[in-house]
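Here is a briefing on selected strands, sheets and helix contacts. Keep the structure open while reading.

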Amino acid sequence: MSVLIAGAGIGGLAAALSLHAAGVGTAVVESAREIRPLGVGINLLPHAVRELIELGLGDELAAIGVATAENVYADRSGRRVFTEPRGVAQGYRWPQYSVHRGELQRLLLAAVRERLGAEAVRTGARVVGFDDPVERAGPGKRGGVRVRILDRATGTVEESAARALIGADGLHSAVRAALHPQDGPLLWSGIRMWRGTTRAEPFLTGRSMVIVRDGDAELVAYPIGGGRVNWVGQVRVSEPGPLTGDAAWNRVGRLADVLPYFDHWRLGWLDVPGLLVNCGEILEYPMVDRETLPWWGSGRVTLLGDAAHPMYPVGANGASQAVVDARVLARELARTGDVPTALARYETERREATAAVVRANRAMNRAGARTPEELARVTDTYRDTTGGDVRTLNARASLSCR
């Protein structure tokens, strides 16, 4: 029996590659009928880039990403308030990359199919339930979890045996819902986000990320290669509280809704209104997370990535934490043949670490730092809290099993 991963996003595919590298048989099911390079830009922090390089993807990652050199905080007139080096320039042994999310997913998918086989990822198949009779297996029994999978093309549900079930099925995880039926609602920060990528000239160093703030509006922009600049417009439009309605990453937004917040900005070195007006497609998303869980999984079933710890996209850490989840999961499953023990060890190492990131993202969102001293303190505290300290990462032993 193979480990079955629900979800072929960044976390699920990184888990498949990590498990394969550790000698653990793996299969992936993905609800979407076709995996297309959707989405916009994301950042991979050095602790995630390290893991992907150790999986043998360094050259491919460098080819699709931009190695971010600095974060620049500025006001809407373009005046620099605070600048912080990033990646190798900050002293890490590994870069920070800005990439198109869909292109990263496509890179990982190609690697999975090349290494695990063309049929390793089954699309149009959704996990709809499972039965994990671990308590009936008895001491020393291998056992397995019975997973019910819906074939979306035919509407039939089949049952498959798996050594373990990993719920990497995202923000609206079916595996999480089955494990935690009393889970609370999505929690909205009160901030609405509009996102897009635009063909635009490089700005500042050509490898700069900029964070520009003016009252309740904030713009984040950075190059992602291919002559494109990724931008995110964030505007506080409500008080925080439970989300009413849905949160979908790829909901289409309207220029008329976002442009009024930014059409008067004049940075000089970046045409902010032009970024928005010339964008091919704008996506709209409420900045949400969930309360952290007291436990993730049980027996032979656990969670990974956004299914386990959805977080605000504030510290550029969501995808990075999912990659680290994947590596720790593979290491623990390779270390012991007892799956419940391995998954419990994985959860012990990752649950509180990721809960700290969720809390740190909330704190950074509320911080409202404006002066250079405040920004330096907030960013330093964030790195220390989320395990991103330069010396700690550079000195840490590899998570590779072989």
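The points below are grouped by topic.

This is a predicted model.

- Strand β15 covers residues 217–225, and eight of its nine residues are buried, so the rest of the structure largely encloses β15.
- Strand β14 (residues 208–214) runs antiparallel to β15, and five bridges join the two.
- Within that pairing, Val 210 has Ala 221 of β15 as its bridge partner.
- β14 and β15 make a hairpin with two residues between them. Gly 215 sits in the turn, with a positive phi of about 65°.
- Strand β16 (residues 228–236) also pairs with β15 in the antiparallel sense, over eight bridges.
- Here Tyr 222 is opposite Asn 230 of β16.
- β15 and β16 form a hairpin, again with two residues between the strands. Its turn holds Gly 226, which has a positive phi of about 65°.

**The five-strand sheet**

- Five strands form an open sheet with parallel pairing, in the order β8-β2-β1-β12-β20.
- The edge strands are β8 (121–123) and β20 (301–303). Each has a single partner strand, so one side of each lacks a neighbour in the sheet.
- From one strand to the next, the twist averages 20°.
- Four bridges link strand β1 (residues 3–6) and strand β2 (residues 26–30) in the parallel sense.
- Ile 5 faces Val 28 of β2 across this pairing.
- Helix α1 lies across β1, β2 and β8. It runs at about 165° to β1.

**The three-strand sheet**

- A second open sheet has three strands, ordered β9-β10-β11, and its pairing is antiparallel.
- At the edges stand β9 (125–131) and β11 (157–162). Each pairs with a single strand, so one side of each has no neighbour in the sheet.
- The twist in this sheet averages 30° from one strand to the next.
- Strand β10 (residues 145–151) is joined to β11 by six bridges, and the two run antiparallel.
- Val 147 is opposite Ser 160 of β11.

**Helices α1 and α4**

- The axes of α1 (residues 10–21) and α4 (residues 101–116) come within 9 Å and cross at roughly 30°.
- Angles under 35 degrees count as roughly parallel, and α1 and α4 are therefore roughly parallel to each other.
- Their crossing is left-handed.
- From α1, the contact uses Ile 10, Leu 13, Ala 16, Leu 17 and His 20. The α4 side includes Arg 101, Leu 104, Leu 108, Val 112 and Arg 115.
- By class, the residues of this contact are ten nonpolar, two polar and two charged.

**Helices α10 and α11**

- The axes of α10 (residues 339–367) and α11 (residues 372–385) come within 10 Å and cross at roughly 170°.
- That angle makes α10 roughly antiparallel to α11.
- On the α10 side are Ala 356, Val 357, Ala 360, Asn 361, Met 364 and Ala 367. They meet Val 378, Tyr 382 and Thr 385 of α11.
- The contact of α10 with α11 has seven nonpolar residues, two polar ones and no charged ones.

**Helices α2 and α9**

- The axes of α2 (residues 46–54) and α9 (residues 318–335) come within 8 Å, with a crossing of roughly 45°.
- α2 and α9 are therefore oblique to each other.
- The crossing of α2 past α9 is left-handed.
- In α2, His 47, Ala 48, Glu 51, Leu 52 and Glu 54 meet residues of α9. Those α9 residues are Ser 320, Gln 321, Val 323, Val 324 and Arg 327.
- This contact of α2 with α9 divides into four nonpolar, three polar and three charged residues.

**A buried aspartate**

- Asp 289 is part of strand β19 (residues 283–289).
- Its relative accessibility is 0%, so Asp 289 counts as buried.
- Leu 186 is 103 residues away from Asp 289 in sequence, yet their C-alpha atoms are 5.9 Å apart.
- Beyond neighbours within four places in sequence, the contacts of Asp 289 are Leu 186, Leu 187, Pro 310, Met 311, Tyr 312, Val 358 and Arg 362.

Key: Residues are numbered from 1 along each chain as its sequence is written. This is a predicted model: local features need pLDDT of at least 70, side-chain atom pairs count only at pLDDT 80 or more; totals for chains, interfaces and linings use all residues. Side-chain values use heavy atoms; hydrogens and water are left out. Buried means under 20% relative accessible area, exposed over 50%, partly exposed in between (1.4 Å probe, protein chains only). Two strands pair if DSSP finds at least two bridges between them. Axes are lines fitted to C-alpha atoms, for helices over the stretch in contact, and angles run from 0 to 180 degrees between N-to-C directions. Angles under 35 degrees count as roughly parallel, over 145 as roughly antiparallel, 65 to 115 as roughly perpendicular and the rest as oblique. A crossing is left-handed if the near helix is turned anticlockwise from the far one by less than a right angle, and right-handed if clockwise. Contact means heavy atoms within 4.5 Å. Ala, Val, Leu, Ile, Met, Phe, Trp, Tyr, Cys and Pro count as nonpolar, Asp, Glu, Lys and Arg as charged, and the others, Gly among them, as polar.
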